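Here's a quick tour for anyone meeting this structure for the first time. Take a look at the model, then read on.

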Amino acid sequence: MNDILQTILWVVVGVIAALVVIFIVACIVGHRGGRIEEGADKWRARKRLLFLGLPWTFTVYECDSDRFLVRTGVFTQKEEDIKLYRILDIGLRRTLLQRMLGLGTITLSSSDRSAGNNFDIENIRAPRQTKDFISDAVEKKRDEKRVSAREYMTSDDDDTDDDDTV
């Protein structure tokens with residue numbers, strides 16, 4: 001019986017030691033990427049888990065001067081390209097836990113049909129800086145392509161419905 005308890009104790013100590021090593025390596029690796037250098041024309045980051053803000057997911061986001069790319073998956077990878085000039089609106093959302101970990105979620109609205117109207121860039125580092133980078137890249141590409149986002153505004157005072165005509 002004593003040998004069994006000693007074996008269990010050694011297994012528990014081994015598991016704790018392995019978790020500590022994994023945590024230290026993840027912290028070292030986790031400090032790379034996500035930051036944007038001044039004058040950089042490309043951004044790349046990995047989606048992070050809310051567990052200590054570590055990059056233990058298989059979702060990678062990339063943004064260059066022409067497109068925004070979302071790559072997901074381990075065995076079967078899926079890539080989604082969104083042309084920058086198709087992005088219509090950019091928003092930022094940060095929960096209390098995300099703020100404590102220095103993370104945030106950027107919401108992009110686009111006219112790209114395959115990506116859907118709204119999609120999230122979840123749990124990334126330096127979210128405000130990243131949002132500004134994407135916004136600047138979108139504006140630059142729109143100016144280059146001479147594309148403008150059209151906003152349709154309606155008035156609440158308009159009582160006539162065009163759908164009711166016979």
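## A first look around

I16 sits in helix α1, which covers residues 2–30; helices here are DSSP runs of H or I with at least four residues, strands are runs of E with at least two, and both are numbered from the N terminus. Before going further, a word on where this comes from: it's a predicted model, where local features need pLDDT of at least 70, side-chain atom pairs count only at pLDDT 80 or more, and totals for chains, interfaces and linings use all residues. Residues are numbered from 1 along each chain as its sequence is written, and side-chain values use heavy atoms, with hydrogens and water left out.

Stepping back, the chain has three helices and seven strands, and they run α-β-β-β-β-β-α-β-β-α from the N terminus on. The chain exposes about 12100 Å², with carbon and sulfur atoms supplying 53% of that; areas come from the Shrake-Rupley method with a 1.4 Å probe, and for residues only the protein chains shown count as cover. Of the 166 residues, 30% are buried (under 20% relative accessible area; exposed is over 50%, partly exposed in between; 1.4 Å probe, protein chains only).

Now for the rings. The structure holds three aromatic pairs, where rings of Phe, Tyr and Trp (its six-membered ring) have centres within 6.5 Å; planes under 30 degrees apart are stacked, over 60 edge-to-face, and the rest tilted. Here are two of the pairs:

| Pair | Centre to centre | Angle of planes | Type |
|---|---|---|---|
| W43 and F68 | 6.4 Å | 20° | stacked |
| F68 and F119 | 6.1 Å | 45° | tilted |

W43 in strand β1 (residues 43–46) and F68 in strand β3 (residues 67–72) are 25 residues apart. F119 belongs to strand β7 (residues 118–125), 51 residues from F68. W43 and F68 are both buried, and F119 is buried too.

Finally, V74 lies in the loop between β3 and β4. Is V74 buried or partly exposed? V74 counts as partly exposed, because its relative accessibility is 44%.
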